[in-house]
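Here's a quick briefing on two bits of packing to look at. Have the model open while you read.

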Amino acid sequence: MSSVMVVATVPSSSSSTLPHPLVSWRRLRTNPSAKPWERPRVLRVRAAIVEARPSSSSPVPDDSIKVVQVYRGGRGVVYNRAEDLQAEARAMERAVNATVYGPELLSNKYGSSPIKVAGRAMQILIALGTFGVKLLLDQRKGVLDQNKRARGAELRTIFTRLGPTFVKIGQGLSTRPDLCPPEYLEELSELQDALPTFPDEEAFACIEKELGRSLESVYSVISPSPIAAASLGQVYKAQLKYSGQLVAVKVQRPGIEEAIGLDFYLIRGLGFFINKYVDVITSDVVALIDEFARRVYQELNYVQEAQNARRFKKLYADREDILVPDIFWDYTSNKVLTMEWVEGVKLNEQVAIEKQGLKVLDLVNTGIQCSLRQLLEYGYFHADPHPGNLLATPDGKLAFLDFGMMSETPEEARFAIIGHVVHMVNRDYEAMARDYYALDFLSPDVDVTPIVPALRSFFDDALSYTVSELNFKTLVDGLGNVLYQYPFNVPAYYALILRSLTVLEGLALYADPNFKVLAASYPYFAKRLLTDPNPYLRDALIELLFNDGKFRWGRLENLLVQGKKDRDFSAKDALQPVLKLLLGTDGEVLRNLVIKEAVRVTEAFVLGTVVDTYSLMPDLVKGLIFNGNGNSPGPLVMSKAERESMLELRDQVSRIWALLQSSESFDPASLQPLLQVLQQPEGRSMGGRVIGGITQRLAARLLQQVLRVPPTSSSSSTT
């Protein structure tokens with residue numbers, strides 16, 4: 001995220017209209033009697049640490065670089081895509097001298113300014129040193145745990161006073177359950193930017209310098225004061241002169257590079273001290289500081305933020321309920337960003353949203369589904385979806401704002417996360433512990449054996465609830481305690497995933513205290529497991545459906561029920577990956593399991609039909625057939641429990657088939673490829689084994705009936 005909101009909310013009590021387009025900025029600035037729109041309150045938006053990676057050098061695929069007339073933002077402003085790409089290239093040229101983080105540059109710059117360095121160092125040492133002394137006193141008095149909440153709040157205040165660098169450090173720590181106890185995480189997550197705005201004259205001068213043209217030539221009107229402000233910059237509302245379109249203009253705070261550079265120079269020196277003298281910390285602190293500083297410096301390049309927004313829009317704004325503002329490249333540079341203005345209400349303002357005839361829960365569900373696509377489908381995600389960066393538009397769309405800091409989920413981690421959920425549902429804590437290798441939580445040389453009991457202790461209690469009852473924040477807090485106690489190194493992407501979903505659940509709780517984000521997320525997981533051909537997810541599905549050699553039809557039924565709730569679910573794609581493996585060269589073990597289950601199901605349908613037919617017979621006919629005993633308990637020699645189990649299996653399979661048939665995308669013709677595959681050698685062999693197994697089972701049943709021998713417990717258990 002960049003530290004200031006790109007598009008601000010206009011309160012419902014204020015007018016969202018601009019003065020007459022012919023009123024120039026100069027008149028607004030010099031004439032006190034001019035009437036600009038009512039000023040919304042200044043919004044304070046917090047910043048956060050995030051892993052940011054530049055997008056590829058090619059903004060869009062080559063086949064899209066052609067002259068195409070489209071309508072920007074749905075407002076009827078026609079633009080040429082080829083010209084837009086050329087404008088982006090010009091913006092990149094304007095940002096060619098953007099400052100990048102370099103330890104050597106900082107050392108050369110501040111090594112020759114000892115007085116300035118000493119003054120800032122004294123300010124930081126007094127603030128943090130006093131806090132450290134208080135922690136030592138708490139420890140000696142035995143009240144360290146008791147005072148965690150109060151000390152966390154105190155640290156939040158200290159970071160705010162120390163300025164933007166430490167605000168970002170605090171926000172970074174708020175996403176690291178492996179470094180901070182839960183009480184500190186909660187306090188630091190509320191950290192807000194609270195710096196005053198800088199003079200408008202400086203902001204307007206910056207715009208003219210960066211764009212190389214006067215304000216009058218760019219805007220027909222611009223707000224005389226910012227409508228949003230934070231640590232790195234502030235935002236103005238304006239109207240473009242050439243098109244009349246409303247835009248948000250973000251301007252970087254003067255001198256911010258100087259302030260951040262000096263702080264990182266000092267913090268890096270502290271890192272060298274820790275590496276040399278503090279043995280309890282085994283990580284390379286200097287390397288961690290360099291990585292963090294590099295991300296913060298990326299935030300200062302507004303062209304990079306614009307490219308982030310463009311990429312995010314391309315990936316996720318294909319849904320009609322998602323809105324991502326357009327970029328105006330000709331009015332964007334290293335320190336100035338111009339984006340489409342979006343009218344809307346912050347997602348935590350429930351009353352204002354409902355006045356527009358919208359429902360908060362619908363918007364939150366949209367946010368959850370989009371977040372899951374970001375985190376687990378494409379891997380490129382908005383790192384800080386707090387209420388200030390999520391707006392409900394009047395037409396019911398969810399608008400994402402502020403793309404200064406983005407993050408990416410590695411491809412292998414995306415599948416590992418879904419597999420981790422499967423292991424959690426199965427309560428396979430040994431597999432959960434091993435997942436932390438794939439998730440890059442633990443180095444391969446760490447023994448996970450001691451971690452398993454801690455996972456079992458927490459999740460056995462948490463999973464006593466159903467998925468629909470499980471509170472995500474409770475789950476995250478409990479997992480955070482486990483991570484804090486053991487040598488975990490939580491990657492930035494995972495910490496941000498947890499916070500993202502926690503924030504969305506928190507927003508929903510305003511409208512519905514019983515809302516659970518896991519219940520809202522489950523349809524997406526079910527759809528991915530049933531339809532994704534990735535080998536990792538295919539194996540996870542098999543692991544979920546088979547247990548101790550038996551197929552769990554109830555799990556499959558539940559997956560289909562949940563998967564159908566996802567609007568992208570396709571019945572024709574469901575289970576296709578498993579069927580391909582089943583008939584493949586590596587599917588022998590699975591084939592044996594499926595053959596055994598196919599025999600059970602066929603037997604259940606055949607014998608179930610016999611039971612149903614018997615129940616419809618008149619007592620006289622029953623008596624004639626069954627040795628004159630019209631009160632016979634049934635036509636089959638089997639226990640009541642076995643008969644009920646068999647009928648339940650038949651009914652479950654029937655319900656599953658009905659679920660597939662009721663799907664809008666179901667087409668019986670989609671089964672034709674399966675019939676073709678069954679004609680192949682492996683398919684014919686499998687079919688023959690199924691028929692042979694059914695024949696043997698029915699023959700055994702018939703022999704039991706003839707001899708009227710009750711089934712043994714062992715034979716009953718194998719059914």
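Contact here means heavy atoms within 4.5 Å. Helices (H or I, at least four residues) and strands (E, at least two) are DSSP runs, numbered from the N terminus. This is a predicted model, so to speak of local features takes pLDDT of at least 70, side-chain atom pairs count only at pLDDT 80 or more, and totals for chains, interfaces and linings use all residues. Residues are numbered from 1 along each chain as its sequence is written, and side-chain values use heavy atoms, with hydrogens and water left out.

**The helix pair**

- In α10, Glu257, Ile260, Gly261, Phe264, Ile267, Arg268, Gly271, Phe272, Ile274 and Asn275 meet Val285, Val286, Ile289, Asp290, Phe292, Ala293, Val296 and Tyr297 of α11.
- By class, that contact has twelve nonpolar residues, three polar and three charged (Ala, Val, Leu, Ile, Met, Phe, Trp, Tyr, Cys and Pro count as nonpolar, Asp, Glu, Lys and Arg as charged, the others, Gly among them, as polar).
- α10 (residues 256-277) and α11 (residues 285-299) pack at about 165°, axes 8 Å apart (axes are lines fitted to C-alpha atoms, for helices over the stretch in contact; angles run from 0 to 180 degrees between N-to-C directions).
- That makes α10 roughly antiparallel to α11 (angles over 145 degrees).

**The sheet**

- Four strands form an open sheet in the order β8-β13-β12-β10, with mixed pairing (two strands pair if DSSP finds at least two bridges between them).
- β8 (322-323) and β10 (345-346) are the edges, each with a single partner strand, so one side of each lacks a neighbour in the sheet.
- β8 runs parallel to β13 (residues 398-400), joined by two bridges; isoleucine 322 has leucine 398 as its bridge partner in β13.
- Helix α14 (residues 360-378) packs on the sheet, touching β8, β12 (390-392) and β13, and its direction makes about 45° with that of β13.

Methods:
Angles under 35 degrees count as roughly parallel, over 145 as roughly antiparallel, 65 to 115 as roughly perpendicular and the rest as oblique.
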